[in-house]
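Welcome! Let's take a friendly walk through a protein model, one region at a time.

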Amino acid sequence: MKHLTDIKQLSASQIQRIFELAEQIKSSSKKKNSKRLRGKTIANLFFENSTRTLVSFELAGKRLGAHVVNVDLSRSSTTKGESLKDTLLTLQAMQIDSFVIRHPENHICRQIEAWLQPTIRLVNAGDGNHQHPTQALLDIYTILQHKKNIESLKISIIGDIKHSRVANSLVDALHILGNRKVHLYGPQQLLPLSNDKAHICTSMQSTLEQSDVIVMLRIQKERMAEHNIPDLENYHQNFGLNRKTLGLANPDCIVMHPGPINRGVEISSEVADNSPSVILQQVENGVLIRQAVLAFLLL
Ligand code: CP
């Protein structure tokens, strides 16, 4: 496999292989200073802001012994009109082995793949509202640290589903792994009309009841017209997770959020900061899973 640009490129056994690699790295005495990727150079190009994904890809590459270059796009020649293609061809000429790219445009990776030499690897770190494959992998890896039998879990994803690449990749990944119990809920204007891999719910109660895993999503204002942004004061009351609404779910459920969180909007601080929240575990696993993905593609 050359690139990871869409989670649907992976089979269940390939996902399993990435998780096995993550376990190997985790149990290694050299998990922070391995030489697995010695001699490889990875360039991170983030055309959208990021904390978790950018830093975890940087740490992942460095902890495997690769050279990692974070291209500061605000100071690059893209500001002088250099195109994306010319930027990538320029960096490619410097013998980069792998590009990790975040970009606001859906499906941009298809174009980028066509420009790259055959030996170069590409990882999608989030394209528009389309895909965020490594987020889905770290989410499922985290779920499996708490739950067995992924296919039988009721997994509820709540919030701005329509603009969420995280939701798309997670629904696809769960489908690949045999789960047919994903439930989606949010304000009507932030929900898809239909989804062939998930149930669209009509109330917070029916969504949360018997949920084993709850994934809360923020409102992605950066992808929305002003008039579609919900009233934030009412939002928490109708769609937010707090101690009261959490009580509707299974007592042993876990609460997840890909971050960044907007406290008091989609999730209360009390829920975000306490058990059964696994939000910071997701962050921790993000580095490990990105190490595993880089090793999977580059070795
Ligand atoms: N989950 C996620 O993609 O977070 P960042 O935008 O901080 O990378």
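## Around the ligand

Which residue has a backbone N or O atom that lies 3.3 Å from a nitrogen atom of the ligand? That residue is Gly-259. Such a pair is called a polar contact, meaning here two N or O atoms within 3.5 Å; within protein, one must be able to donate a hydrogen and the other to accept it, and residues adjacent in sequence count only if both atoms are side-chain atoms. Side chains take part too: a polar side-chain atom of Thr-53 lies 2.6 Å from an oxygen atom of the ligand, and an N or O atom in the side chain of His-132 is 2.9 Å from an oxygen atom of the ligand. Taken alone, the ligand exposes 250 Å², and the protein buries 91% of that. These areas come from the Shrake-Rupley method with a 1.4 Å probe; for residues, only the protein chains shown count as cover.

The residues surrounding the ligand (those with a heavy atom within 4 Å of it) include Ser-50, Thr-51, Arg-52 and Arg-102. Gln-135 and Pro-258 are also among them.

## How to read the model

This is a predicted model, in which local features need pLDDT of at least 70 and side-chain atom pairs count only at pLDDT 80 or more, while totals for chains, interfaces and linings use all residues. Residues are numbered from 1 along each chain as its sequence is written, and side-chain values use heavy atoms, with hydrogens and water left out.

Five strands form an open sheet in the order 7-6-5-8-9, and the pairing is parallel. Strand 7 (199–200) and strand 9 stand at the edges with a single partner strand each, so one side of each is left without a neighbour in the sheet. Strands (E, at least two residues) and helices (H or I, at least four) are DSSP runs, numbered from the N terminus. Two strands pair if DSSP finds at least two bridges between them.

How many bridges join strand 5 (residues 155–158) to strand 8? There are four, and these strands run parallel. Four bridges also join strand 5 to strand 6 (residues 182–185), while three join strand 8 to strand 9 (residues 254–256).

## Covered on both sides

In a regular strand the side chains alternate between the two faces of the sheet. Strand 8 (residues 213–216) has both faces covered, with Val-213 and Val-215 buried on one side and Ile-214 and Met-216 buried on the other. Buried means under 20% relative accessible area, exposed over 50%, and partly exposed in between (1.4 Å probe, protein chains only).

Met-256 belongs to strand 9 and, at 1% relative accessibility, counts as buried. Leaving out residues up to four places away in sequence, Met-256 touches several residues, including Val-213, Ile-214, Val-215 and Met-216. Touching, or contact, means heavy atoms within 4.5 Å. The C-alpha atoms of Met-256 and Val-278 are separated by 5.7 Å, although these residues are 22 residues apart along the chain.

## One face of helix 3

Which residues of helix 3 (residues 84–92) are buried? They are Leu-84, Thr-87, Leu-88, Leu-91 and Gln-92. Seen down the helix axis, these buried residues fall within an arc of 130°, so they line one face of helix 3. The arc is that of the directions from the helix axis to the C-beta atoms. The buried residues of helix 3 pack against strand 1 (41–46), strand 2 (67–71), strand 3 (98–103) and helix 4 (108–115).

Most residues other than glycine have a negative phi, and most peptide bonds are trans. Gln-95, in the loop between helix 3 and strand 3, has a positive phi near 65° and is exposed, with a relative accessible area of 65%. Gln-210 also has a positive phi, near 65°, and counts as exposed at 59% relative accessibility.

Two cis peptide bonds complete the tour. One joins Gly-259 and Pro-260, with omega about -5°; the other runs from Ser-275 to Pro-276, with omega near 10°. Pro-260 is in the loop between strand 9 and helix 10 (269–272), and Pro-276 is in the loop between helix 10 and helix 11 (279–298).
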